[in-house]
Amino acid sequence: KRFLNWHWANLEYGCSARLEEVSLAHWNQDEVYGGFGGPHCMIKGGYCQVTDALASGLDISLDSPVQTIDYGDGTGVKVTTADGKVHEADAVVVTVPLGVLKKGSIAFRPELPDWKQAAIDRLGFGDLNKIVLEFPEGTQGIEESPNGIGGADFFGVAQQGGPAGRGRCFMFWNLRAVCG
């Protein structure tokens with residue numbers, strides 16, 4: 001039973017929602033398109049290297065909450081931020097958390113089509129918390145092989161407590177190989 005609860009915790013982690021809130025027909029929709037098959041990949045020095053490279057040469061504005069996105073006149077897009085600045089572009093890719101769209105924090109002009117707003121309203125989401133622990137060099141059980149415990153870069157723990165306890169500290173990753 002504990003192992004089954006661990007497996008369910010892993011599914012809930014992947015979907016960021018309780019299993020009761022996940023579609024049986026579509027919970028693993030990425031698998032049809034290859035998903036994230038194959039070995040895990042971690043970037044030495046951290047994932048920020050990817051975003052830093054992609055952002056190179058771009059005008060990036062931080063701490064600039066978007067208030068409106070005007071996209072309806074066919075001549076481009078105007079994005080207005082909370083400080084009143086207007087940014088103009090040919091196109092905009094909106095990558096905000098689902099909760100921002102659900103709350104209506106950004107005004108779209110014209111309003112989003114009914115079918116798109118209905119999809120936003122129907123979608124659910126959950127919490128996903130990660131905790132980083134750093135152990136001193138030589139910690140017994142962790143330093144026994146170059147890739148962590150038993151040569152794995154992660155391991156799981158089948159917790160007790162059924163549905164109420166699953167998902168609590170159920171998986172651990174060893175990042176020594178990529179973080180030094």
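How many helices and strands does the chain have? There are 6 helices and 6 strands, where helices (H or I, at least four residues) and strands (E, at least two) are DSSP runs numbered from the N terminus. Along the sequence they come in the order α-α-β-β-β-α-β-α-β-α-β-α. Of the 180 residues in the chain, 17% are buried, that is, under 20% relative accessible area with a 1.4 Å probe and protein chains only.

A word on the basis: this is a predicted model, in which local features need pLDDT of at least 70 and side-chain atom pairs pLDDT 80 or more, while totals for chains, interfaces and linings use all residues. Residues are numbered from 1 along each chain as its sequence is written, and side-chain values use heavy atoms, without hydrogens and water.

Now look at the second largest pocket, which holds about 750 Å³ of space. Its lining has 20 residues, and Asp59, Ile60, Ser61, Val92 and Val93 are the closest to the centre. (A pocket is an open set of points on a 1 Å grid where a 1.4 Å probe fits, with protein on both sides within 12 Å along at least five of seven lines; lining residues have an atom within 4 Å of a point.) Strands E1 (66-70), E2 (77-81) and E3 (86-89) each supply at least two lining residues, and E3 gives the most, with 3 residues.

Finally, find Leu58 in the loop between helix H2 (48-55) and E1. Leu58 counts as exposed because its relative accessibility is 55%, and exposed means over 50%.

Terms used: Points joined across faces, edges and corners; volume = space filled by probe spheres on them.
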